[in-house]
Amino acid sequence: MNEKVRELRKALGLTLEKFGERLGVGKAVLSQIENGKANLTDQMFKAICNVNWDGRHVNETWLRGDSEEMFLIDPDDELNALKDKYRMSDVEYTFLKEFFKLEPPRRESFFETLDIVFSAVHAGNVPEAVPEPVEELEGESKKRHSASTWKNPRNVPWIK
């Protein structure tokens with residue numbers, strides 16, 4: 001981990017003195033850590049990862065030597081890049097942002113629910129063969145709609 005401290009400091013373009021100021025320690029202590037004469041304490045380790053280094057935070061697994069990414073990836077930056085790439089609407093962006101805030105089991109449950117809904121819709125409402133001409137498609141829709149037992153209880157005008 002000691003060599004990672006030096007690598008980080010250099011990547012940030014900071015002197016021992018400036019780096020130490022951000023962490024609340026003197027340059028002598030940092031020099032000893034970088035040169036392997038002193039070990040990185042838990043407190044120093046946490047401080048390095050918790051400091052906001054110009055909008056970035058150090059990846060704890062990188063500092064331990066188990067990752068190639070020095071800094072954590074900001075999920076908002078990544079999602080904004082996807083928004084631009086796929087020309088997402090604000091609604092789509094907000095949906096994905098909120099979706100990814102859910103814990104993985106809740107996200108899995110969401111897809112299980114969608115699977116149940118789509119399976120039910122597919123099993124009961126999709127004709128065996130889809131008619132080609134538009135008139136036939138409209139006729140099929142009207143037949144299914146008129147045969148429906150569902151009524152419009154609130155008389156919403158656009159629901160017939």
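Mentor: Gladly. Keep in mind that this is a predicted model. Start with a polar contact: the side chain of Asn59 pairs with the side chain of Ser67 at 3.4 Å.

Trainee: Where is the place of Asn59 in the chain?

Mentor: Asn59 sits in a loop, between α4 (42–50) and α5 (60–64).

Trainee: Is Asn59 buried or exposed?

Mentor: Compare its relative accessibility with the cut-off. Buried means under 20%. Asn59 has 10%, so it counts as buried.

Trainee: Which residues does Asn59 touch, leaving out those up to four places away in sequence?

Mentor: Ser67, the polar partner, is on that list. Glu69, Met70, Phe71 and Leu72 complete it.

Trainee: Now helix packing. At what angle do helix α1 and helix α3 pack?

Mentor: Read the angle and the axis distance together. Helix α1 spans residues 2–12 and helix α3 spans residues 27–34. Their angle is about 125 degrees, and their axes lie 7 Å apart.

Trainee: Which residues make the contact?

Mentor: From α1 come Asn2, Val5, Arg6 and Arg9. From α3 come Leu30, Ile33 and Glu34. Sorted by class, the contact of α1 with α3 has three nonpolar, one polar and three charged residues.

Trainee: Take Leu30 from that list. Is it buried or exposed?

Mentor: Leu30 lies in helix α3. Its relative accessibility is 0%, so Leu30 counts as buried.

Trainee: What does Leu30 touch, again not counting residues up to four places away in sequence?

Mentor: Val5, from the α1 side of the packing, is one of them.

Trainee: Now the whole chain. How many helices and strands does it have?

Mentor: Nine helices and zero strands. Read along the sequence, the pattern is α-α-α-α-α-α-α-α-α.

Trainee: What share of the residues counts as buried?

Mentor: Of 160 residues, 20%. Asn59 and Leu30 both count as buried. For the surface, quote the area and its makeup: the chain exposes about 12500 Å², with carbon and sulfur atoms supplying 53%.

Trainee: And which share of contacts joins residues at least 24 apart?

Mentor: Take the contacts between residues at least 6 apart in sequence; 36% of these join residues at least 24 apart.

Technical notes. Residues are numbered from 1 along each chain as its sequence is written. This is a predicted model: local features need pLDDT of at least 70, side-chain atom pairs count only at pLDDT 80 or more; totals for chains, interfaces and linings use all residues. Side-chain values use heavy atoms; hydrogens and water are left out. Helices (H or I, at least four residues) and strands (E, at least two) are DSSP runs, numbered from the N terminus. Buried means under 20% relative accessible area, exposed over 50%, partly exposed in between (1.4 Å probe, protein chains only). Contact means heavy atoms within 4.5 Å. Accessible areas come from the Shrake-Rupley method with a 1.4 Å probe; for residues, only the protein chains shown count as cover. A polar contact is a pair of N or O atoms within 3.5 Å; within protein, one must be able to donate a hydrogen and the other to accept it, and residues adjacent in sequence count only if both atoms are side-chain atoms. Axes are lines fitted to C-alpha atoms, for helices over the stretch in contact, and angles run from 0 to 180 degrees between N-to-C directions. Ala, Val, Leu, Ile, Met, Phe, Trp, Tyr, Cys and Pro count as nonpolar, Asp, Glu, Lys and Arg as charged, and the others, Gly among them, as polar.
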